[in-house]
Each structure stands twice: as structure tokens, then as C-alpha cells.
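Please brief me on this model.

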Amino acid sequence: MIIVMKNGLQEETIQKVVERLRENGYQIHQSRGVEKVLLGAVGGEKSDYLKSALETMDGVEKVISILAPYKLASREFKQENTIIKVGNLSLGGEQIQVMAGPCAVESREQLLEIAAIVQENGVRILRGGAYKPRTSPYAFQGLEEKGLQYLAEAREKTGLYIVTEVMDTRKVELVAEYADILQIGARNMQNFPLLMEVAKHNKPVLLKRGLSSTIEEWIMAAEYIMLHGNHQVMLCERGIRSFDSTYSRNVLDLSAVPILKKLTHLPVIVDPSHGTGKWHLVAPLARAGVAVGADGLIIEIHNHPEKAVCDGPQCLKPQNFRNLLQEIKQIATVMGRTI
Ligand code: PEP
Ligand code: MN
């Protein structure tokens, strides 16, 4: 339930309501907007009596029951868009953020070369996996901590921020030391212990949609992270499984973008690389992602895609990446946004 407090109240009045809710087993998440203070009360038992009692308390404007199973992530709880700060960047605001880089960190030279390309193009976030979730246990699994160190070196040299995947609860602490954004991969979207672990760190989280997850399951996964203390969650549409993977690896569900924008206040990112699996489909779907209202894109690029150890067929070469950035700048302008 959401308790909407009147404007300009003393802290003491708000705290009395908070205490009353806590006594009834509720956990409180406050949302302090310019206009109003909202108290999101979750976890307690539903009670019409309590709802009426709260409505009579000093400072309470109204009490709203949230019908959706997710509460903190819902638009009802927070009407304004959440803007996530990564250093001096904002995600979810007017500026669309591009994240680009290789699928995997393969070597120091490979990463530094690609980081330079990312930076030269005015992009501000570098992607690259040091821990790779591979279908085959025989495939390259990532450079692990060495990969994280190369990412940190790339950040130092270029000023780019780093987004990288964490797959294991035992590694969250370590990855959080290096990453600016913690990525939860599609295969781990419902790894609840991992979600709760990343919630303990004060780092933005890029939560990818599960391979066959519904939108509601996905928002519920975000809710786990938020309920456990971290409200800096972005949702990343990366394509879902369907019956036909002949021409594209997944089906990039672009309708998810406006749906999520309506249901939640969280930033939404589109991944046209994993969404399609083919480099020639990346630009059209990236353009569409911007047109449909995404707050950011995450794109795999490589200086030598033919030699990439992972996802080469979906990596853009530097020139194609450059062209795409020019195109999406124009689309962003039409959408009233910047890049
Ligand atoms: C990735 O972005 O590196 C990745 C593995 O993507 P996904 O989890 O969406 O498959
Ligand atoms: Mn990949």
C-alpha cells in the first residue's frame, strides 16, 4: 500500500505514520518527490482496519492499495521516472546512454583497443564480460578477475564507466569493486540469492530479461533487488525465446519498452545484439529501440569480429557502430532526447 503524505509536514508527523506501519509488520520505502512524500508499505498483512486507521492519522492525504504484485517498482508508488546516476551520467533522463564493447574481455590489448573506439565515438559506458555464462562448459568462460582488472585499466585510460556481469553470489563483492554497473544476465534473472546479494551493494544494476520470462516475472525480479535495499535498477530487454530462431537468435520484444514505461518508473535499456544474434540486424533494431522510447542501448562491438571468442556474429565493426550512432542521434532528436 502507498501512503501519500500532505505537503510541508514536520518529520515527526511522517515518523508517527512510519511507526504505526512498522508495528503492523510493514517495511517502509520512502519516495520523496518535489511535491509529495510517499510511503511505500510492503510485507505486512492486508487489513482494511489499518487502512482506515491510517487515513485518519495526521498528515495522511490518502492511502492507496497497489493491485500489481510488484510494489516498489510500480508507477503507482513512484510517478516520476527514476534517474540513476553513474558518476556524472544519468540513466533514465533526457539523455539516452549507449553501452558498447565486446561480449567478453579476451585480452588486455583487445579490450584497450575496443575501449578507445568506444571513447572516440563519444560513448560513455564500456561493456565486457569477465565472467561469461556459456552454454557449453568447454567454451571460454571469461578471464575472471584478470578481466576485471583490464576493465579497470580501460576505465582509467579512457574515463569510460564499466558495466560487467556478475554470475555468482560469491563474486558480487569482488565484481562490485571494479564495476560501475552490475549486470545480471538473462540466465540469472530469477537467481534470487544473487538478486538479494547485489541489492546489498550501492551499485546500479542492469537486470536482463530472462530467456523465457514474462514481463511480470521480470519486474518481480527487479522488486527483489529493490525490496532488499537497492532501488537503482534498470531493465534490459534482450530478446526472448520463441518458436523460430532460423533468422534471428531471439525475438527482441520491443513492445516491452512502452509496457515497462507504463508499469514501472525504472529506466529501460534495449540490447539489439543478443536480441538478434546477427550483426546486420543490430542497427535496425537499435534504431527501433530508440524510437520506441528506450533510455539506453547495450551493443556488442569488436575490432575483429571474425576472431572474437564469443558472439562474433552479432558484433558490429567500428565503422558500422559509428554509422549507427549517427543514425540514432537523429532519431533521438525526433524523440525529444539527446545521445
Ligand atoms: C551479455 O550481455 O554478455 C550476455 C551474456 O547477455 P544475456 O545475459 O542477455 O544473454
Ligand atoms: Mn554476448
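D271 is buried in this predicted model, at 0% relative accessibility; buried means under 20% relative accessible area, exposed over 50% and partly exposed in between, with a 1.4 Å probe and protein chains only. D271 sits in the loop between β13 (268-270) and α9. Helices (H or I, at least four residues) and strands (E, at least two) are DSSP runs, numbered from the N terminus.

**Basis of the model**

- Residues are numbered from 1 along each chain as its sequence is written, while chains are lettered from A and ligands numbered from 1 in the order in which they are written.
- This is a predicted model, where local features need pLDDT of at least 70, side-chain atom pairs count only at pLDDT 80 or more, and totals for chains, interfaces and linings use all residues; side-chain values use heavy atoms, with hydrogens and water left out.

**Around D271**

- The side chains of D271 and K208 are joined by a polar contact of 2.7 Å.
- A polar contact is a pair of N or O atoms within 3.5 Å; within protein, one must be able to donate a hydrogen and the other to accept it, and residues adjacent in sequence count only if both atoms are side-chain atoms.
- Not counting residues up to four places away in sequence, D271 touches K208, C236, E237, R238, L252 and I298.
- Contact here means heavy atoms within 4.5 Å.

**Ligand 1**

- Which residues are around ligand 1? They are R127, K132, P133, E165, Q183, G185, A186, R187, K208, R238 and H274.
- A residue is near a molecule or strand if one of its heavy atoms lies within 4 Å of it.
- K208 has a side-chain N or O atom 2.8 Å from an oxygen atom of ligand 1.
- For R187, a side-chain N or O atom is 2.9 Å from an oxygen atom of ligand 1.
- Q183 places a polar side-chain atom 2.9 Å from an oxygen atom of ligand 1.
- Of the 290 Å² of accessible area that ligand 1 has on its own, the protein covers 97%.
- Accessible areas come from the Shrake-Rupley method with a 1.4 Å probe; for residues, only the protein chains shown count as cover.

- H274 is buried, at a relative accessible area of 9%.
- D311 has a phi near 60°, a positive value in a residue other than glycine.

**Cysteines**

- How many disulfides does the structure hold? The count is zero, with a disulfide being a pair of cysteine sulfur atoms within 2.5 Å.
- C103 is buried, with 1% relative accessible area.
- C315 is in no disulfide, and its nearest cysteine sulfur, that of C103, is 6.7 Å away.
- C315 is buried too, at 3% relative accessibility.

**Helix α10**

- V290 is placed in helix α10 (residues 279-291).
- Its relative accessible area is 2%, so V290 is buried.
- Leaving aside neighbours within four places in sequence, V290 contacts I96, L297, I328, I331, A332 and M335.
- V290 and A221 are 69 residues apart along the chain, and their C-alpha atoms are separated by 24 Å.

**Partly exposed positions**

- K6 is in the loop between β1 (2-5) and α1 (11-23), and is partly exposed at 43% relative accessible area.
- K6 and E61 are 55 residues apart in sequence, yet 5.3 Å apart in space, C-alpha to C-alpha.
- Beyond its neighbours within four places in sequence, K6 is in contact with G59, V60 and E61.
- E144 lies in the loop between β8 (125-127) and α4 (145-158), and is partly exposed with a relative accessible area of 41%.
- Phi of E144 is near 55°, a positive value in a residue other than glycine.
- Most residues other than glycine have a negative phi.
- K146, in helix α4, is partly exposed at 43% relative accessibility.
- The side chains of K146 and Q149 make a polar contact of 3.1 Å.
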